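Good morning. I have one structure to go through today, and I will keep it short. Please look at the screen.

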2 protein chains.
Amino acid sequence: MSWCAVGLARVGGTRRMFPAPLLLQCRRLATGGRTSDDILELCRRRCFLLGEKMTPASVLGGRHSLGPLGAQMKRNLIKEWWDAMVLHREQVLPIDSLCRLPGMSNPSPGPPPKTLSKACLERLQNQSPTQEELEKMADLRQDLLNGALYYYPSCLELLNRKLPFGITEVGRCFHPISDNEDPDTCRVGERTAASLVWFSSAKTCAQWRDYWLRQRLLWWRKFAQVPSRFSSGDHPDEDGMKTSLIQYDFPWGKEPIERLGILDDSALTQMHHGPIAHLHGRDGRKSAIPHVVWMSSDVEGGLLAYLCDALQVMKNAAPRGKEQRRAVLKIHPSLAPVILAVDLGKGPAADLRLVCQGLCTELRGRGIAVWPGYLETLHTPMEQLFTRYDEMGVLFTALVSDVTLESGLLQLRSRDTTIKETVHVSKLSAFLTQHMAAAAKL
Amino acid sequence: MSWCAVGLARVGGTRRMFPAPLLLQCRRLATGGRTSDDILELCRRRCFLLGEKMTPASVLGGRHSLGPLGAQMKRNLIKEWWDAMVLHREQVLPIDSLCRLPGMSNPSPGPPPKTLSKACLERLQNQSPTQEELEKMADLRQDLLNGALYYYPSCLELLNRKLPFGITEVGRCFHPISDNEDPDTCRVGERTAASLVWFSSAKTCAQWRDYWLRQRLLWWRKFAQVPSRFSSGDHPDEDGMKTSLIQYDFPWGKEPIERLGILDDSALTQMHHGPIAHLHGRDGRKSAIPHVVWMSSDVEGGLLAYLCDALQVMKNAAPRGKEQRRAVLKIHPSLAPVILAVDLGKGPAADLRLVCQGLCTELRGRGIAVWPGYLETLHTPMEQLFTRYDEMGVLFTALVSDVTLESGLLQLRSRDTTIKETVHVSKLSAFLTQHMAAAAKL
C-alpha cells in the first residue's frame with residue numbers, strides 16, 4: 001500500500017492519511033527561495049485572496065479566505081472538475097460526507113491513539129506538533145479518502161455491486177500548521193480537496209492508475225496558458241512504493257497540486273470489520289474486494305497555480321506616446337471570475353444605464369458573469385478602468401455610449417488582444433456564448 | 001439588534017451567533033410527535049442520505065452524510081441559490097472564508113470567554129453543554145455572518161464604497177449537539193449554510209428586509225410541489241425584536257429552513273475596532289456605516305424539505321390487474337439529481353449498449369445528468385426498474401430497443417405522468433433541454 005509510508009495510521013480502527021498537501025514545501029518557501037510578490041500583491045489588491053501578511057506559505061497552507069473574484073474562480077474550477085469527473089463519467093458517484101465521520105472521532109475521554117499520527121506529523125513538519133494542535137485536529141478530516149471508504153458499501157449497492165466505479169467528493173479538509181513567527185501558537189490550515197476514489201479489481205488497478213494520471217494531467221493543462229508548467233512526477237516513498245504527483249512550477253519552485261496513489265484491498269477491510277461479503281464487487285464474472293486508486297487535488301493550490309499561470313506583464317501604448325507596463329491576468333475563459341464588464345462611455349448617463357441594465361439582465365440570464373461597472377457614479381478614466389479589469393482577469397469590457405443609443409452599436413474591448421471591436425448590442429450575448437464554448441472545447 | 005437576544009455573544013472581541021438551526025425542534029421530534037419513516041426510509045434506501053438510525057432529529061441536526069443522489073441534489077439546490085443570489089444580482093459579492101477566521105480563534109492558553117455562549121446554549125438546548133462540547137466548538141464557525149462582517153472593508157473597497165451591496169457565502173458550519181442516547185458523549189453537528197449579508201443605509205434597511213423576505217419565500221416556493229407548505233413567520237425574541245423565519249411544514253410539524261434578521265451598525269463597529277472611516281459606505285451623497293440584513297438558509301434542511309414535498313404515493317395499475325401503491329419523488333426538474341435513466345429494452349444487448357453510450361455522451365455534453373442503467377448486466381423487470389427510478393426522482397427513462405436500431409425511435413417514460421411516448425433518438429436532447437428550461441421558468 002503505497003501511501004502508508006507517508007502517513008497512513010490506524011486511529012481508533014480507522015485510517016488517517018496525511019498527504020500534508022503543501023506543508024513540506026511551504027516551510028522551505030517561508031524561509032528562502034524566490035519571492036512571488038507580484039502575484040500575491042495582485043491577488044490581494046484585486047480581492048482574489050483576503051487577509052494580511054500573504055506569503056506563498058500562508059496561501060498554500062490554507063490560512064487565507066477567498067475574496068469575491070477568488071470565490072467565483074474557485075466555483076468555476078470546481079464546476080470544471082465536477083463536469084470532467086462526475087457529469088461526463090459513467091460510473092462515478094458523488095457524496096457529501098461529514099467533516100467528522102461517526103466512529104472516527106474520539107468522544108470518550110482518555111488518551112487517544114495518536115502515536116503514529118504524531119510520528120507522521122514530525123516527519124512532515126520536521127518539528128513536534130503541540131498537544132493542543134493534535135487535539136484540535138483529532139476529529140476533523142484531513143482528507144476525503146475515509147469518507148469514500150466508509151460509504152463504499154452503500155454506493156456499491158446502488159450500482160448493483162458492479163466494478164469498477166468511483167466515489168467522488170469536493171469538500172473542506174483541515175490540517176495542523178505551526179506558526180513560524182510564534183511557535184507557541186498553533187493554527188489549523190484549511191483547504192478544499194477534490195477527490196476521486198476509484199475502486200477496481202486488483203488486476204486492472206495499475207492500468208487505471210496510469211489512465212487517471214494521464215487524464216488528470218490533461219485536465220490541469222487544459223486551462224493553462226503555459227501547459228508545460230503542469231507536470232507529473234513520481235514521489236518515491238520510503239518503502240520504495242510510488243505516489244504520483246501533479247505539480248505546478250510556481251515562481252518559487254514546483255509544488256504538488258494533486259496526488260495520486262494506489263491502495264490494496266486492505267484499505268476496505270481495515271475500514272470495515274466483520275464479515276467481508278458486503279465488500280465484494282462484481283468485475284465481469286468474478287467477485288472480489290476491489291483495490292483503490294485515489295487522487296486528491298488541492299483546489300486552492302490549483303487556483304493559485306492558475307493565477308500564476310495567467311499573470312502576464314504587457315507593454316501597453318498609452319495615449320500620449322508613453323509606454324506603460326501593466327499586469328494582465330489571462331485567466332482561461334472557463335475559469336475567469338468575470339466574463340464581461342459593462343461600463344458607460346460618453347452620453348446621457350441615465351439613459352445609458354437603462355441600456356446597460358437590460359444588457360446585463362440578458363447576459364446573466366444566459367449564465368454569463370457580469371461586472372456592473374456602469375453602477376459606478378465616480379468617474380474613472382478609461383485606461384484606468386482597463387487596467388483594473390485586466391488585473392481582475394475580466395475577459396471583455398463593453399462600453400455603452402451615445403452611439404449605442406443611436407445605432408445599437410457598442411465597443412467591445414478584449415482583455416487578451418486589447419483590441420476594441422464594434423458589436424451590435426443584440427449580437428453580444430451570442431458572441432460571448434460562442435467565445436466561451438470555443439474556449440471550452442480547445 | 002434583533003438577534004442578539006437569542007444568541008449574540010461577544011467572544012474575544014468578535015461575535016458568535018447561535019441561531020441553532022433546528023436543534024430546538026429536533027429535541028421535541030426525537031421524543032414524540034408524528035413519525036416520518038416513509039421519507040427517511042426512502043432517503044436511506046435510495047442513498048439520498050447515508051448512515052444508520054436516521055431520525056428527523058439526526059438528519060436536521062446534521063449528523064448524516066449525503067449519498068450520491070443527495071449530493072447531486074444539494075449541488076443543484078446550491079446552483080439555484082447561487083444563480084438567484086449572485087449571478088442575477090448586481091451588487092452581491094461571493095466570498096469563501098475559513099472555518100476558523102483569524103482573530104476569532106483562541107489559540108492562547110487560559111480560560112476562553114465562553115460565559116455567554118454557554119448561557120445561549122443552555123437556553124437553546126435546555127441542558128448544559130459539556131466542557132468538551134464547548135472546547136470542540138471553540139474555534140469552528142457556527143454561521144457565516146462573522147466572515148461577511150470581517151471582510152466587509154475589502155468588499156466595500158472593491159465596489160468603490162457604494163451601498164447597498166451584499167456579501168454571500170455557502171459553506172459548512174458546525175454546532176454542538178448532545179446525544180440523547182448517550183449523554184456523556186458529545187458530537188458536532190454540521191450543516192451547509194447559504195448566507196447573504198446585505199449592507200444598506202439605516203433608512204432603507206427595513207425595506208430591504210421586507211424585500212429579501214419576500215424574495216426568499218418566492219424562491220423556496222418556486223421549486224415546490226405544494227408551495228403553501230413553505231411559509232414565513234415572525235419569531236419574537238425576548239427583547240421584543242423580531243427575527244423572521246421561513247418554515248417548511250414537515251410531516252412532523254413546522255421547522256425553520258431560513259432565518260432573516262436585522263442588525264444595526266454596531267454589527268460592524270464591534271467587529272472592527274479603531275478608526276471607523278474605512279467602514280463608511282456611500283449611499284447617494286451621504287456616507288455612513290451601514291445596517292445589516294442577514295439571511296441564512298440551512299441547505300440540508302431545505303433539501304429534506306424538498307424531499308418531503310416531492311414524495312407522493314401513487315396508485316399504479318400493474319400488468320395483471322393488480323393495483324400497487326408506489327412512492328414517487330416528484331422532485332422539481334431543476335433539482336432532480338438524475339434527469340434521464342437510459343436502459344435496455346429487447347434486442348441485441350451489445351449493439352444497443354453502443355447506442356445508449358452515444359446517447360449518454362451527447363446528453364452529458366449538454367449538461368444533462370444521466371443514469372447509465374444500460375451498464376447493468378443483471379436483468380431487472382421493467383416495472384421494478386420504473387419503481388426504482390421513481391423513488392430516485394429520475395425525471396425520464398429512455399428505453400433503447402431493437403426498434404431503435406431499425407427506426408431510431410425509443411420509448412421515453414415520464415416519472416410524473418407514467419406515460420410512455422415514442423421519441424426519435426435525435427430529438428431527445430432537445431426535448432429534455434426544452435423541458436428543463438420550461439420548468440425552470442415556471
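Which residues of chain A does UniProt list for "domain: Anticodon-binding"? The answer, from an unreviewed entry, is residues 349–434. Keep in mind that what you see is a predicted model. Over residues 349–434 of chain A, 48% of the chain is helix and 21% is strand.

Now to the interface between chain A and chain B. Chain A puts 72 residues into the contact, and chain B puts in 72 residues. About 5,700 Å² of area is buried between chain A and chain B, and carbon and sulfur atoms give 55% of that.

For one to find on the screen, take B:K74 and A:D96: their side chains form a salt bridge, with N to O at 2.7 Å.

Which elements of chain A each supply at least two residues of the side that touches chain B? The helices are α5 (68–87), α7 (131–137), α9 (152–158) and α13 (349–365). The strands are β3 (92–94), β4 (165–178) and β5 (186–200). The largest share comes from α5(A), with 10 residues. Sorted by class, the side of chain A that touches chain B has 33 nonpolar, 22 charged and 17 polar residues.

That is what I have. Thank you.

Note on methods. Residues are numbered from 1 along each chain as its sequence is written. Chains are lettered from A and ligands numbered from 1 in the order in which they are written. This is a predicted model: local features need pLDDT of at least 70, side-chain atom pairs count only at pLDDT 80 or more; totals for chains, interfaces and linings use all residues. Side-chain values use heavy atoms; hydrogens and water are left out. Contact means heavy atoms within 4.5 Å. Buried area is the accessible area (1.4 Å probe) that two parts lose on being put together, summed over both. A salt bridge is a side-chain nitrogen of Lys or Arg within 4 Å of a carboxyl oxygen of Asp or Glu. Helices (H or I, at least four residues) and strands (E, at least two) are DSSP runs, numbered from the N terminus. Ala, Val, Leu, Ile, Met, Phe, Trp, Tyr, Cys and Pro count as nonpolar, Asp, Glu, Lys and Arg as charged, and the others, Gly among them, as polar. UniProt positions are given in the numbering used here, feature names are shortened, and annotations may be inferred rather than shown by experiment.
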